[in-house]
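Hi,

Here is the structure I promised to pass on. Have a look at it first, and my notes follow below.

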Amino acid sequence: MKFYEMTPQRRRSQMEAEGKLSPRDAQLLARSGGLDPAIADGLIENQIGQFALPLGVARGLVVNGESRDVPMVTEESSVVAAASNGARIAALNGGVVAHAPAEHCVRAEVVFANVPDRDAALAVLLSRRRDMFAVARRAKPSIVARGGGLRDVSVEAVCDEFLKITLDVDVQAAMGANIVNTIAEAVATAAGDWIGVRALTAILTNAVCKAQAVTAEIVLDPLTVTCRDVAGEEVAEGIARLSRLAEVDVERAVTHNKGIMNGISAAVLATGNDTRAVEAGAHAFAARTGHYRPLAVWNMKENRLVGRISVPLQVGVVGGATTSLPAAGVAQRIGHYLPDDGSAVSVAVYQETLAALGLVQNLAALRALAGPGIQAGHMALQASNLAIAAGARGAEIAAVAAALQSCSKDLETAKSLLERLRSNL
Ligand code: NDP
């Protein structure tokens, strides 16, 4: 029986048998949904309830020679199926090769406005760069002790109006927003004293420079992207053409990137990371040249289809909600994002997995577009949603969804199938 054909209980048992899920984590996942009320109330302001979403797993995504299971949380029916499909094709071709930057840096900006003598203030700030390093060390000694801390400082005038200090901070294995904001506020206070002006703002930016982008590449034999009625070469050519279209047509590029983020955001949410930070960073990066472009591009090269993605990923494997949400901990363990051999904690494995996932997610979407079209697969998976919307519960959901496969997939049909099912009982 295929993994997707099993019941959730049987999928957990299989992963337990494979050593991919501990009995304790399997039990935690089986206790469906609910956070401990105290954790839920402590996480956000004005908490009045909980909102459950399914946690799925894309299996066998080969990244840098290792087969990974990628936990994903999403409300969109086709996302995990597409990721699994992309991962299957990637595995047939030796998998994805991904690289995270050697240092995990997050940038902050400290900005001054209404500075009376801007040239003099600029000169003071430039002469105080070394002092800024000392301020940063005092503000967050623990990150220095972990091997991180402030790495670079620059000072510049922005338009006629602002003076800006840019701080690049190595945040090690954390997403880093709070770490960087603590340092930025301390530098803002000190710099404000030096130039006699209170800072307008001191905060991280979710924009990420090219050096901080994570890259991934795959080389595919066109035969492996063959679809039911379309030859592999034709599908591969179609994928390369769709990629070129995304480079010149913003309307296609936005949806191309949305498909990539279908996978990345779901895998980011599964670990309790900040999806908005990652989305903002990714789209800003896509527009960094002034023209919104695809995050992943595909080309034919010597009869091979070559896909490359370059995407910034502001995520952490410690801190934030990654530690406080129990299911996020399970997701980290399934993904093996934290080392279990005592080696140094790093965010690189997680970033590389996310970039590889984005690439294969894009592959699955473009393959469907270049082959049978997107709707056939989407609507097949949408059938369960329609069954639920029609009022089906429990075993009725699968029965109505199965019956919908050979009918027109709309709500009215789902309702009449449900009625017929109930009247036959
Ligand atoms: P935390 O404030 O939780 O800081 C990270 C923590 O991890 C620190 O307490 C640090 O401990 C601990 N830690 C343990 N091991 C390591 C390690 N190996 N490397 C680094 N830190 C380690 O989270 P972040 O600073 O990562 O901030 C993330 C949160 O900020 C997210 O919840 C995000 O949503 C939110 N946020 C996002 C913003 C944005 O994107 N614009 C703005 C503001 C907040 P110690 O202090 O002892 O070193």
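A quick word on terms: helices (H or I, at least four residues) and strands (E, at least two) are DSSP runs numbered from the N terminus. Axes are lines fitted to C-alpha atoms, for helices over the stretch in contact, with angles from 0 to 180 degrees between N-to-C directions. This is a predicted model, where local features need pLDDT of at least 70 and side-chain atom pairs count only at pLDDT 80 or more, while totals for chains, interfaces and linings use all residues. Residues are numbered from 1 along each chain as its sequence is written, and side-chain values use heavy atoms, with hydrogens and water left out.

Strand β4 (residues 105–113) is joined to β7 by 4 bridges in the antiparallel sense, and E109 stands opposite I203 in β7. Contact here means heavy atoms within 4.5 Å.

Then there is another open sheet of 4 strands, again antiparallel in its pairing, with the order β3-β8-β10-β9. Its edges are β3 (97–99) and β9 (296–301); each has a single partner strand, so one side of each has no neighbour in the sheet. Neighbouring strands are turned by 15° against each other on average, direction ignored. Strand β10 (residues 304–312) runs antiparallel to β9, with 6 bridges joining them, and W298 has G307 in β10 as its bridge partner. Lying across β3, β8 (213–220), β9 and β10 is α14, at about 45° to β8.

On to the cores. A nonpolar core is a set of buried Ala, Val, Leu, Ile, Met, Phe, Trp, Tyr and Cys residues joined through side-chain atoms within 4.5 Å, and buried means under 20% relative accessible area, with exposed over 50% and partly exposed in between (1.4 Å probe, protein chains only). The largest one has 62 residues, and L61, M72, V96, L295, W298, I309 and L313 touch the most other members. Helix α14 (residues 348–370) gives the most to this core, with 10 residues. A second, separate core of 37 residues includes A108, I165, A188 and A199.

How do α4 and α14 cross? The axes of helix α4 (residues 78–92) and α14 come within 8 Å and cross at roughly 100°, and the two are therefore roughly perpendicular (65 to 115 degrees; under 35 is roughly parallel, over 145 roughly antiparallel, the rest oblique). Among the residues making the contact are A83 and A87 of α4, and L357 and V360 of α14.

N64, in the loop between β1 (55–63) and β2 (66–73), has a positive phi of about 50° although it is not a glycine. H336, in the loop between α13 (326–335) and α14, has a positive phi of about 55°, and is not a glycine either. N64 is partly exposed at 37% relative accessibility, and H336 is partly exposed at 38%.

Cheers

Terms used:
Pairing = 2+ DSSP bridges.
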